[in-house]
Amino acid sequence: MAVFNWGISNEANNWSGGCGYCHGKNVGPVIRGRALPADAIKTIVRHGQNGMPAFRPTEITNSELDKLAQWISASKADPKELGK
Amino acid sequence: MSMDMNRRAMLGTAVVGAAAATLVACKENPAPLAPSVTKADFKGAVAEMRRVVGDEWVFADTDAVIPYSKTYIPDPTHRYVPVGAVAPSTVEQVQELVRIANKYKQPLWTVSTGKNMGYGMAAPATPGQMVLDLKRMNRILEVDPELGTALVEPGVTYQQLKDYLDENNLPYWIDVPTVGPIAGPVGNTLDRGVGYTPYGEHFMFQCGMEVILPDGRLLRTGMGSIEGSTAWQAFKWGYGPYVDGLFTQSNFGVVTKMGLWLMPKPPVFKPFMIRHAEMSDVSKIVETMRPLRVSSLIANGNLMMSAAYQLAMFNRRSDVQADPGPLTDESLKKAAKANGLGMWNTYFALYGTDGTVAAVEPIIRAAIGASGGEVLTEAEMGDNPWFHHHKTLMEGGLNLDEIGLLRWRGNGGGLAWFAPVAAAKGKETEGQTKLAREILEKYGFDYTAAYVIGWRDLHHIIALLFDKSDPAEEKKADECYRELVKRFGEKGWASYRTGVNTMDLVAEQYGQVNRDFNQQLKDAIDPNHILSPGKSGIK
């Protein structure tokens with residue numbers, strides 16, 4: 001299974017087909033390039049932070065979420081992203 | 001346009017802690033079981049379910065249920081919390097789970113992608129239910145390139161279907177609700193959701209279902225029960241009573257497959273926006289647009305967005321008005337003008353060929369011009385983010401821009417859609433807008449609303465936005481929503497769809513005979529009441 005069950009198999013695509021719809025698009029805050037702790041990212045994904053929906057293991061498994069959280073944590077900032 | 005709001009501070013460990021604290025159920029205080037279920041029953045059901053789907057796909061402790069408990073709706077008493085979840089991957093597993101549910105009388109609340117955003121997300125309408133999470137059943141079973149039909153499982157998202165069409169160079173569009181990337185056609189259609197292209201009335205473009213009945217039998221509707229038929233996704237009606245509607249907004253079965261029609265990609269797509277200057281203009285907008293829509297000169301639904309709704313997508317309230325009192329027309333006009341918007345912003349598109357669009361456009365421009373509206377296209381609006389958003393939706397494109405509504409007031413994220421229906425007549429808007437503003441402002445909330453002419457119907461879509469991290473505001477939002485339902489209903493404006501928090505309330509408005517009939521059907525086919533009790537007020 002891939003993240004969000006979209007047949008997506010790597011973290012960059014998981015980002016663009018999932019998180020990246022809001023984060024960096026003026027909907028959610030910018031989160032790349034901030035070295036956010038991976039554990040905090042995972043908690044937020046499962047709980048649904050503030051206006052963010054929660055995502056279930058049927059949408060993104062624990063092992064997929066581990067990899068995605070590490071990828072976000074280690075990512076560089078993208079100057080094209082907008083974060084209101 | 002101002003796009004400089006800094007929301008980075010929203011993230012941090014303190015806020016993570018706040019998210020966890022909002023959930024009342026915990027190991028010491030677990031969510032209550034259903035009245036018919038003992039602790040031993042629940043334990044027995046969970047153990048048998050684990051044998052069917054594997055340990056990994058049964059969620060039966062408080063921590064594991066957390067992602068199923070997140071909602072945007074007001075829930076001041078924390079009533080809408082499941083006791084567990086189970087996620088099958090096959091039809092046969094669904095049948096086994098239904099058998100187990102019957103054995104232990106354990107109710108199952110079915111969700112497809114679980115993203116019924118402002119209506120309760122994946123949460124059940126009554127306590128004690130396990131969520132039957134169909135997200136793992138995510139296969140696109142068939143796309144017929146000649147007929148433009150698809151057969152999909154419940155976990156398929158709109159994103160997945162669009163990707164499939166793009167990757168296979170199939171010249172068809174999908175039709176999406178506002179949260180297309182994470183929602184899917186089965187769940188949205190079954191809740192009778194709508195979209196923005198000419199195929200926007202989703203249930204109208206549904207064709208054929210496979211349903212697991214409450215006793216575990218497998219029913220295929222329409223031509224699906226005819227061996228060798230090629231028309232399951234081509235002919236809606238089959239023979240005898242048409243039953244597909246019984247499985248929408250209901251709890252009479254678990255839909256495991258659904259057919260839908262795909263819109264052929266038109267050679268020409270031309271989106272429009274009409275800008276009107278005054279709040280009072282909405283009546284004449286409806287009068288102007290109705291004949292164009294009813295005649296299908298305009299083939300998609302006409303969406304009339306108020307300035308406040310539009311501004312709330314990409315702004316915080318304090319950007320529009322510093323005063324926390326009721327939003328004034330003066331504040332809204334000023335902010336709208338600064339962002340290229342009017343007090344009402346009407347969106348539609350023309351779909352066809354160069355010839356048909358060129359023939360229809362002057363007729364539409366003449367009608368709209370007479371209403372005092374400014375007719376705008378891509379040439380004038382360029383990359384205006386609101387125009388871009390609606391253009392994207394009207395060509396079946398994907399974005400999640402409207403989740404931005406959740407941060408209009410504070411950081412807590414609270415949203416409940418209120419969606420009463422009337423005939424598509426301008427005079428309907430006068431009383432509705434006045435009543436909505438009166439009730440919303442009484443509780444300190446804003447009239448962030450839109451009207452939609454579907455075909456001959458007028459939907460009033462009101463986003464009740466509140467800060468869910470503030471318990472007092474959540475309580476007020478709950479009271480406000482109930483007053484909206486009640487007082488609109490008294491005038492004949494009942495909802496077409498509602499959240500898990502008000503399903504009984506709306507069902508009452510449709511009358512006792514209606515309720516009794518639904519309940520008679522339920523009692524006959526699901527005597528143990530194991531499928532989604534409480535859905536649409538049906539126990």
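User: Before we start, what makes two strands count as a pair here?

Analyst: Two strands pair if DSSP finds at least two bridges between them, and strands are DSSP runs of E with at least two residues, numbered from the N terminus. This is a predicted model, where local features need pLDDT of at least 70, side-chain atom pairs count only at pLDDT 80 or more, and totals for chains, interfaces and linings use all residues. Residues are numbered from 1 along each chain as its sequence is written, chains are lettered from A and ligands numbered from 1 in the order in which they are written, and side-chain values use heavy atoms, with hydrogens and water left out.

User: Thanks! How do you know that strand 8 and strand 9 of chain B pair?

Analyst: They share three bridges, in the antiparallel sense. The cut-off is at least two bridges, so they count as a pair. Within it, B:Ile212 stands opposite B:Leu218.

User: Why is B:Cys207 called buried?

Analyst: Buried means under 20% relative accessible area, exposed over 50%, and partly exposed in between (1.4 Å probe, protein chains only). B:Cys207 has 1%, so it is buried.

User: And what makes B:Tyr242 partly exposed?

Analyst: Its relative accessible area is 31%, so B:Tyr242 falls in the middle class. This residue lies in the loop between strand 9 (218–220) and strand 10 (254–261) of chain B.

Notes:
Helices (H or I, at least four residues) and strands (E, at least two) are DSSP runs, numbered from the N terminus.
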